[in-house]
Amino acid sequence: RAVAQMKKQLLEVADEKAKLETQAGEAVLKLEEANAKLQESLGQREEELAAMKQELHAAMESVGQREAELAAAKQEVHAAQERVGQSEAELAAARQEKDAMQ
């Protein structure tokens with residue numbers, strides 16, 4: 001009778017072991033699926049980040065180009081101011097000559 005009781009307990013233990021192994025297998029599958037989803041999401045994020053870096057690089061190049069254009073425009077304004085100043089000086093000199101002639 002004790003042998004029958006032990007056999008029954010062994011069967012129960014084997015059954016419990018099988019259940020736990022099944023649960024462990026299911027948990028592993030779920031973890032693998034979650035990992036695959038995370039890897040996919042990570043890949044998408046990396047692609048988005050690469051695209052954002054490209055946009056940033058292009059924007060920085062554009063800013064650099066605009067800064068160069070602005071510097072050139074400032075030089076043109078400065079040159080024009082110098083010409084205006086020279087013309088004003090010439091006009092003042094011409095007025096002095098005219099006043100001196102009168």
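**Figure 1. Lys30, an exposed lysine of helix α1.** Lys30 has a relative accessible area of 61%, so this residue is exposed. The cut-off for exposed is over 50%. Lys30 is found in helix α1 of this predicted model. Its C-alpha atom lies 68 Å from that of Glu76. In sequence, Lys30 and Glu76 are 46 residues apart.

**Figure 2. The whole chain, for orientation.** Helix α1 covers residues 2-101. What box do the C-alpha atoms fill along the principal axes? The box is roughly 145 × 15 × 10 Å. The radius of gyration of the chain is 43 Å. A compact globule of 102 residues would have a value near 13 Å. What share of the 102 residues is buried? Buried residues come to 0%. Buried here stands for under 20% relative accessible area. The accessible surface amounts to about 9,700 Å². Carbon and sulfur atoms account for 58% of that surface.

Figure 3. The side chains of Asp15 and Lys19 form a salt bridge, with 3.7 Å from N to O. The cut-off for such a pair is within 4 Å. Both residues lie in helix α1. They are four residues apart, about one turn of the helix. Are the two partners buried, exposed or partly exposed? Asp15 has 41% relative accessibility and therefore counts as partly exposed. Lys19 is also partly exposed, because its relative accessible area is 45%.

**Figure 4. Lys17 and Glu21, another salt bridge.** The structure holds two salt bridges. One of them joins the side chains of Lys17 and Glu21, at 3.9 Å from N to O. How many residues apart are Lys17 and Glu21? They are four residues apart, about one turn of the helix, and both lie in helix α1. Lys17 is exposed, since its relative accessible area is 52%. Side chains of opposite charge can pair when their charged atoms come close.

Figure 5. The chain carries 14 positive and 21 negative side chains. How far apart are the centres of the two sets? They lie 13 Å apart. Two salt bridges are present in the structure. Among them is the pair of Asp15 and Lys19.

Figure 6. Lys74 belongs to helix α1. Why does Lys74 count as exposed? Lys74 counts as exposed because its relative accessibility is 55%, and the cut-off is over 50%. The C-alpha atoms of Lys74 and Lys37 are separated by 55 Å. Along the chain, Lys74 and Lys37 are 37 residues apart.

**Figure 7. Ala79, a partly exposed alanine.** Ala79 lies in helix α1. Its relative accessibility is 28%, so Ala79 counts as partly exposed. Partly exposed spans the range between the buried limit of 20% and the exposed limit of 50%.

Figure 8. Ala100 lies in helix α1, the helix of residues 2-101. Ala100 has 64% relative accessibility and therefore counts as exposed. Its C-alpha atom is 58 Å from that of Glu61. In sequence, Ala100 and Glu61 are 39 residues apart.

Conventions
Residues are numbered from 1 along each chain as its sequence is written. This is a predicted model: local features need pLDDT of at least 70, side-chain atom pairs count only at pLDDT 80 or more; totals for chains, interfaces and linings use all residues. Side-chain values use heavy atoms; hydrogens and water are left out. Helices (H or I, at least four residues) and strands (E, at least two) are DSSP runs, numbered from the N terminus. Buried means under 20% relative accessible area, exposed over 50%, partly exposed in between (1.4 Å probe, protein chains only). The radius of gyration is taken over C-alpha atoms; the globule rule is 2.2 Å times the number of residues to the power 0.38. Accessible areas come from the Shrake-Rupley method with a 1.4 Å probe; for residues, only the protein chains shown count as cover. Lys and Arg count as positive and Asp and Glu as negative; His and the chain ends are not counted. The place of a charge is taken as NZ of Lys, CZ of Arg, CG of Asp or CD of Glu.
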